[in-house]
Amino acid sequence: MADGNPRRIDVHHHMFPPTYKTRAGDRIRASASIGDYSPLFDWTPERALALMDKYGVATGIASISTPGIWFGDAAEARSLARECNEFAAGMVRDHPGRFGLFAAIPLPDQDASLREIEYSLDTLKADGIGILTSYGDKWPGDPAFAPVFDELHRRKAVVFVHPTVPVCCRGIIPGIPPAITEFVFDTTRAITSLVVNGTFARCPDIRFIFCHAGGTVMPIANRINGWSKRGPVAAKNGPQGAIETMRRLYYDIATSANPGAIAALRAVVPLSQILFGSDNPFVPLDFTAQSMDAFGFSEADARAINRENALRLFPRLRD
């Protein structure tokens, strides 16, 4: 960057509150594929801030990564979501302008999710809601989740959709961590699910953010688009077609500031929909930051991706 201080807004910035590390530690280890878990369990807001200062990140929008907070026990999920969200709200309060919050919700529990949405957005003043790409055998477009998305549409909420490994696809290929392949495939499944089942068409005021340049969806966007126009259910639920829908979604570039991923992304979506994301601490913040700076974007395009596009979603960060 010519100015040496991009003041990035990192929309893919994970947190590990103490209660989360204590209550879900074994699940975190089981879901991670990084080998060395110390960056996760040593995480603190202060360590995050030091990295943010080093690599030009003004604000990190904190979220819970996979495995999330839903493990089949509704009461456990409700309390874990609340504790994590309140911890993050404290980070936002204690470090003005440096952190934001995508609040966790127990999506399979619709009533609890609606209550947590109300509490997080109205009381904690969260910047949006964070969900995973799948829950058990259901993807976000499943009709069971419609009440939550209808409420998020009513509120014109930002929804950050983080990939996970679906139950169907764990351990498919021995020796290959599922996060390497299944994360990006599950993002594609989630987007296709939301197209086909009509959630995108029914809830156009939700501002969705998908990770890792949309996973594998961009190279097969035309394939999905053609089918969405021919299939009777998909055509009814998404009359504008999949590509027009994909063009208005947002995508972060965590681990994706490389020629192949950016070319595929730009072939489908305008620059205005691309956001900076790091995936810290699963992926060191410097990886995407340095890849972004070395990519060769024009100064105007780099400013848009690093900061300006995100300011449309989070105007409170302008100051």
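A pocket is an open set of grid points with protein on both sides within 12 Å along at least five of seven lines. The model discussed here is predicted. Its largest pocket has a volume of about 460 Å³. The lining of this pocket comprises 22 residues, and those closest to the centre are Thr 66, Pro 67, Thr 164, Val 165 and Arg 170. Helix H1 (18-31) and helix H7 (178-196) each contribute at least two residues to the lining. Sorted by class, the lining of the largest pocket holds 13 nonpolar, 7 polar and 2 charged residues.

Two of the residues closest to the pocket centre, Thr 66 and Pro 67, are also joined by a cis peptide bond, with omega about 20°. Pro 67 sits in the loop between S2 and helix H4 (74-94). Another cis peptide bond runs from Asn 280 to Pro 281, where omega is near 5°. Pro 281 belongs to the loop between S8 and helix H13 (285-294).

Strand S2 (residues 57-63) is largely enclosed by the rest of the structure, because 7 of its 7 residues are buried. Further along the sheet, strand S4 (residues 128-132) and strand S5 (residues 158-162) run parallel and share 4 bridges. Ile 131 has its bridge partner in S5, namely Val 161.

A search of the whole structure finds 1 cavity of 30 Å³ or more, and the largest cavity holds about 120 Å³ of space. Of the 15 residues that line the largest cavity, Ile 64, Ala 104, Gly 130, Ile 131 and Leu 132 lie nearest its centre. S3, S4 and S5 are the elements that give two or more residues to this lining. By class, the lining of the largest cavity has 11 nonpolar and 4 polar residues, with no charged residues.

The aromatic rings come next. The count comes to 11 aromatic pairs. In one of them, the ring centres of Phe 200 and Phe 210 are 6.4 Å apart and the planes stand at 80°, so the pair is edge-to-face. Phe 200 lies in helix H8 (residues 199-202) and Phe 210 in strand S6 (residues 207-210); the pair therefore ties together parts that are 10 residues apart in sequence. Both Phe 200 and Phe 210 are buried.

A disulfide requires two cysteine sulfur atoms within 2.5 Å. The sulfur of Cys 84 is 17 Å from the closest cysteine sulfur, that of Cys 211, which is too far for a bond. Cys 203 is in no disulfide either, as the nearest cysteine sulfur, again in Cys 211, is 20 Å away. Cys 84 is buried, with a relative accessible area of 0%, and Cys 203 is buried at 1%.

Some loop residues remain. Lys 125 has a phi near 60°, a positive value in a residue other than glycine. Its place is the loop between helix H5 (110-123) and S4, and with 59% relative accessibility Lys 125 counts as exposed. Lys 156 is not a glycine but has a positive phi of about 55°. This lysine is in the loop between helix H6 (146-154) and S5. Lys 156 counts as partly exposed, at 48% relative accessibility.

Thr 255 is found in the loop between strand S7 (250-252) and helix H12 (259-266). With a relative accessible area of 29%, Thr 255 is partly exposed. The C-alpha atoms of Thr 255 and Gly 175 are separated by 21 Å, the two residues being 80 residues apart along the chain.

Conventions:
Residues are numbered from 1 along each chain as its sequence is written. This is a predicted model: local features need pLDDT of at least 70, side-chain atom pairs count only at pLDDT 80 or more; totals for chains, interfaces and linings use all residues. Side-chain values use heavy atoms; hydrogens and water are left out. Buried means under 20% relative accessible area, exposed over 50%, partly exposed in between (1.4 Å probe, protein chains only). On a 1 Å grid over the protein atoms alone, a cavity is a set of points where a 1.4 Å probe fits but cannot get out, and a pocket is an open set with protein on both sides within 12 Å along at least five of seven lines; lining residues have an atom within 4 Å of a point. Grid points are joined across faces, edges and corners, and a volume is the space filled by probe spheres set on the points. Ala, Val, Leu, Ile, Met, Phe, Trp, Tyr, Cys and Pro count as nonpolar, Asp, Glu, Lys and Arg as charged, and the others, Gly among them, as polar. Two strands pair if DSSP finds at least two bridges between them. Rings of Phe, Tyr and Trp (its six-membered ring) pair if their centres lie within 6.5 Å; planes under 30 degrees apart count as stacked, over 60 as edge-to-face and the rest as tilted.
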